[in-house]
Amino acid sequence: MSRQVLQVFEQYQKSRTQFVQTVAELASRPQNIETLQNAGVMSLLRPLLLDIVPAIQQTAALALGRLANYNDDLAEAVVKGDILPQLVYSLAEQNRFYKKAAAFVLRAVAKHSPQLAQSVVDCGALDALVICLEEFDPGVKESAAWALGYIARHNAELAQAVVDAGAVPLLVLCIQEPEMSLKRIAASALSDICKHSPELAQTVVDAGAIAHLAQMILNQDAKLKRQVFSALSQIAKHSVDLAEMVVEAEIFPAVLTCLKDSDEYVKKNVATLIREIAKHTPELAQLIVNAGGVAAVVDYVGESKCNVRLPGIMMLGYVAAHSENLAMAVIVSKGVVQLAIALSEEQEDHIQAAAAWALGQIGRHTPEHAKAVAVANVLPKLLQCYLRADASEDLQTKSKKALKNILQKCVHLPALEPLLHDAPPNILKHVVGQFSKVLPHDSKARRLFVTSGGLKKIQEIKAEPGSALGEYINTINNCYPEEIVKYYSPGYSDALLERVEQFNPKV
Amino acid sequence: MAALVRLTDQVDEIINSIYDGKNQAEEERLREYKAAVKVQAWFRASRSRSYLKHLNKCALKVQRTYRGYLGRRYFRVLLKNTVFIMKLNHYNSMSCKIQKMWRGYYVRKYIFNYYSRKRYLEALQIKNHTIRGELTEFAEQQEAARKREEEKNDKKRQEYEARKRHHLVSTEVMPGIYNSPFLPYPSETEYLLRSVKPLIRKKAAEKEPLFDPVCASYNSKVPTVLPPIPQKPQGPFREPIDVQKQRYKPFQPSLRVATDFYSLEKARQQLKDAEWVTRINDNILQPFTHRSIPYEPLLHTTSKFGHLPYGTKFFRHEYIDRHIVPQNFKTLVPPIPIFDKLNDTYSQGQV
């Protein structure tokens, strides 16, 4: 008799288990989600979260997590279904598998938008997650750290809430654990916390994160290195003090080797880190230059493509912008050539704009710098970028500014000659201005200017009298005898023929 | 009387002669008058002309003297100005020279030294070269390591394949398919097959777990046999009542989370406050060993102008490596003797 009674329960439990497992299985495929949602899976899973059998509970949580992971509508449905408080309460007490699953749900909900993350925070999930970070099991710590990272990544308030919950010291402890995946996720969470404001980054630094992060830069694991460099660059980007702290961890000759890593993202993040450090002060940039960083970055820019090369290009620009000495260091490290190649090779506008900007920063210091940039045949390319019809506005302004900066310093006339022929008036002004500065003092250049057809071109320019361009043209014309100026002026042959007609021969 | 008679006789004559005389005088009078006027006019004219001449002569003399005076005065001023300008130009050119020397020296010493910049850039190029070399070496090493790993895996896989196909090895009697009798020697695969052991798949004990209570992994198999339902949940769990009670117990944060971040500072402040309240005297009595003696300055390092900074004060940072020569510059401009000779100075400044 009792056997029969028990069989009913057995049957019930069996079918519950089968239901949640099937739902969890189905939820892992995106094409099923719509159907599941329409079938009202949310309201069915919710009571199963409170089931008496732990396996059913955690499988239900897993299914929920997969659903919430799929899109923000479902995540919102989880929030609206009042499921989060249950999860948070059980997060404190249940076994480790359940904790993992619950943290997964929280993470899946929080990842979509700041509002959803805020609702997760409002349920008091942070304290529970922080307690999970103190757990012994690395898997639980990992999922808790992951959820905390996803919450913190949205905005500064949420990150501040995570910090206020006391997560940072525990995350720093997590970095020191032996498990690779835990290290990775903790580093990523720290990076997400640091990225919002200097204060948050300072909190992370105060917890002693830099020393531990710096130890891991020579790790074999590429994914860990990605996160470590990302975290370090997020710390260094805010202020000079923080950047100095990062530099003081003696990362310098070591990180340069990572520019040769086989993983693209590691390379990109290293270049970003170097860029974030170099951009602050001339001293930091000098330190990087003295460590041979510029040569390494130049090589890196030459070897990589597309978006990966962008931080390298910007780093060269930042270094060159600080002082003429540093710009000269970039030049002797053969940076100009690589930037010129990047400018011509890359298809995307924003990378071209960055390269143009960097070149402008290198060439704007002295005539020597401008000459180094000009002989790399950069000026026609910059002009092309400026004049291209489909160029973005940013690229146009950047290339124009770079051209202007370089031209105002450039006295290397052979490089300026081609611009005379195809530059628009607003650029031509600067080109002619440079000629008008050099020609009065250099007889050889005057001669060359005539033979190369520059003078002829100058006569053909129609400048309004009184404008700057007109002044420059006048100055150039004054350097030459009147006959030669006349000879090259358009319409002189007609004038000569007219004189032939009017000439009365003496018989 | 006779005379009277004679005179009476001659009355007519006399009257006639008087008339004649009067008539003649009357006739001559106008002429004489004109002549007198002419004489007077000439005289007066010549008198006033000579006077004017005299006046002119005097005025000329006065003017000449005065103009001479003015001219000389103007000349003096002009001379002074010219000499002043000349000297000023001279001083300017000299001061240019001095400034040029000084600025060149100063810039080379403290601001920019071409040779040190050149040396720096050369050193940087060498450093870049070494860094590039090191990085290339590092990349090569990594590549080699990766290749080695790949080869190792490849070999392992090949071996595994060979073990799986070990049955194709030739026997004493029967040559295998990799050991063609038409070839002078067996193929490489044959040697590989010979070198490895046959793969023997260990038969796993067919044992279905009855039920995994914790579902140790998410993809564990669905249990076929369900356990009997006990009174309390299966596994190392407590009573449901206990669990229920624990679930709804109030949140107990860890000590770290519960305590205030500034608790230490607050506690210190509290202690300080308590001490301040219970203190009887604000001027704490110090033992004689703690008596503070006012500072007495040393005789040698003080003067009435204040403290002498012997080796303690740091005026300017000197970049010794930017010095071109260790010695100081000597003065190159010779002294100007004319300044010593002349007491008067035409320049506004002090020489």
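Predicted model: local features only at pLDDT ≥ 70, side-chain atom pairs only at ≥ 80, totals over all residues.
Me: Great. Which backbone oxygen lies 2.7 Å from a polar atom of the Ser436(A) side chain?
Reply: That is the backbone oxygen of Gly433(A).

Me: And where does Ser436(A) sit, in which helix?
Reply: Ser436(A) is part of helix α30 of chain A, which covers residues 425-438.

Me: Is Ser436(A) buried or exposed?
Reply: Ser436(A) is buried, as its relative accessible area is 8%. The cut-off for buried is under 20%.

Me: What is Ser436(A) in contact with, leaving aside neighbours within four places in sequence?
Reply: Tyr472(A), Thr475(A) and Ile476(A) are in contact with Ser436(A) once those neighbours are set aside.

Me: Switching to α17 of chain A. Which residues are buried there?
Reply: In that helix, residues 240-248, the buried ones are Leu242(A), Ala243(A), Val246(A) and Val247(A). Looking down the axis of α17(A), the buried residues fall within an arc of 140°, so they line one face of the helix.

Me: What does the face turned away from the buried side of α17(A) carry?
Reply: That face has the exposed residues Asp241(A) and Glu248(A).

Me: And what do the buried residues of α17(A) pack against?
Reply: They pack against several helices of chain A, including α14 (198-206), α16 (222-236) and α19 (264-278). Also among them are α15 (209-215), α18 (252-258) and α20 (282-290).

Me: Which residue with positive phi follows α17(A)?
Reply: Glu250(A) does, with a phi near 55°.

Me: What does the Lys141(A) and Glu177(A) pair tie together?
Reply: Lys141(A) is in helix α10 (residues 138-152) of chain A, while Glu177(A) is in the loop between α12 (167-175) and α13 (180-194), so the pair ties together parts 36 residues apart in sequence. Lys141(A) is buried at 8% relative accessible area, whereas Glu177(A) is partly exposed at 23%.

Me: Which residue does Asp221(A) meet in a salt bridge?
Reply: The Asp221(A) side chain meets that of Arg184(A), at 3.1 Å from N to O. Asp221(A) lies in the loop between α15 and α16 of chain A and Arg184(A) lies in helix α13, so parts 37 residues apart in sequence are tied together by the pair. Arg184(A) is partly exposed, at 24% relative accessibility.

Me: What about chain B: what is the salt-bridge partner of Arg279(B)?
Reply: Arg279(B) pairs with Glu275(B), and the closest N and O atoms are 3.0 Å apart. Arg279(B) is partly exposed at 30% relative accessibility, and Glu275(B) is partly exposed too, with a relative accessible area of 41%.

Me: While we're on chain B, how many helices and strands does chain B have?
Reply: Chain B has eight helices and two strands. Along the sequence they follow the pattern α-α-α-α-α-α-α-β-β-α.

Me: And what share of chain B is made up of buried residues?
Reply: Buried residues make up 9% of its 351 residues. Chain B exposes about 32,500 Å², with carbon and sulfur atoms supplying 60% of that area.

Methods:
Residues numbered from 1 in each chain as written. Chains lettered and ligands numbered in written order. Heavy atoms only, no water. Helix = DSSP H or I, 4+ residues; strand = E, 2+ residues; numbered from the N terminus. Buried < 20%, exposed > 50% of the residue type's maximum accessible area, 1.4 Å probe, protein only. Polar contact = N/O pair within 3.5 Å; in protein donor to acceptor, adjacent residues only side chain to side chain. Contact = heavy atoms within 4.5 Å. Areas by Shrake-Rupley, 256 points an atom, 1.4 Å probe, with all protein chains shown as cover. Arc of directions from axis to C-beta. Salt bridge = Lys/Arg side-chain N within 4 Å of Asp/Glu carboxyl O.
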